[in-house]
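Visitor: I have a structure to read. Please take me through it.

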Amino acid sequence: MNMNGPSPRIRAFDGAVSEAVGLLGADDPAAALAALRRAHVLGQRDFGRHLHVHWLMLRVAWKLGDAREVVGQLWRLLLVPLGHLSGRLPEGNPGTADVSAFAPRAVPAELAALLGKDTGNAG
């Protein structure tokens, strides 16, 4: 953290997690999962945030009754420490079971700037 508070990436991560928790509380787990996919892309560099997102994704999967996603999140909770120790964190991966835990994805444009990525838009 700098003197001005958390970075824009962390503020966006916190916002996405807060949105997801609110949606989960409002019994809208599908929308909560969408917010957590964004949070995953933003927070996967940070061990604690990465683990927290997968814990929340597990809660959402349970609420949805999605056995595949529950199993996928249990595996991911086990893989997070290994990914951080090995430095193998697939950039842009949304963290859900419909995408391989090892597959990088294109970072959505709205998140790229927060991650310090060049979006190709010179200004």
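Guide: Start with confidence. This is a predicted model, where local features need pLDDT of at least 70, side-chain atom pairs count only at pLDDT 80 or more, and totals for chains, interfaces and linings use all residues. Residues are numbered from 1 along each chain as its sequence is written, and side-chain values use heavy atoms, without hydrogens and water. The protein chain averages a pLDDT (the predictor's confidence in each residue, from 0 to 100) of 92, and 92% of the residues score at least 70.

Visitor: Over which residues is the pLDDT below 50?

Guide: Residues 118-123. Beyond near neighbours in sequence, that stretch has 3 contacts (heavy atoms within 4.5 Å) in the model.

Visitor: Is glutamine 44 buried or exposed?

Guide: Buried means under 20% relative accessible area, exposed over 50%, partly exposed in between, with a 1.4 Å probe and protein chains only. Glutamine 44 is buried, at 5%. It sits in the loop between helix H2 (29-43) and helix H3 (47-64); helices are DSSP runs of H or I, at least four residues, numbered from the N terminus. Leaving aside neighbours within four places in sequence, the contacts of glutamine 44 include His50, His84 and Asn93.

Visitor: Which helix gives the most to the lining of the largest pocket?

Guide: Rolling a probe the size of a water molecule over the atoms shows where empty space is left. On a 1 Å grid over the protein atoms alone, a pocket is an open set of points where a 1.4 Å probe fits, with protein on both sides within 12 Å along at least five of seven lines; lining residues have an atom within 4 Å of a point. Here H4 gives the most, with 6 residues. The lining has 17 residues, and Gly83, Arg88, Pro90, Ala101 and Phe102 lie nearest the centre.

How values were computed
Helices (H or I, at least four residues) and strands (E, at least two) are DSSP runs, numbered from the N terminus.
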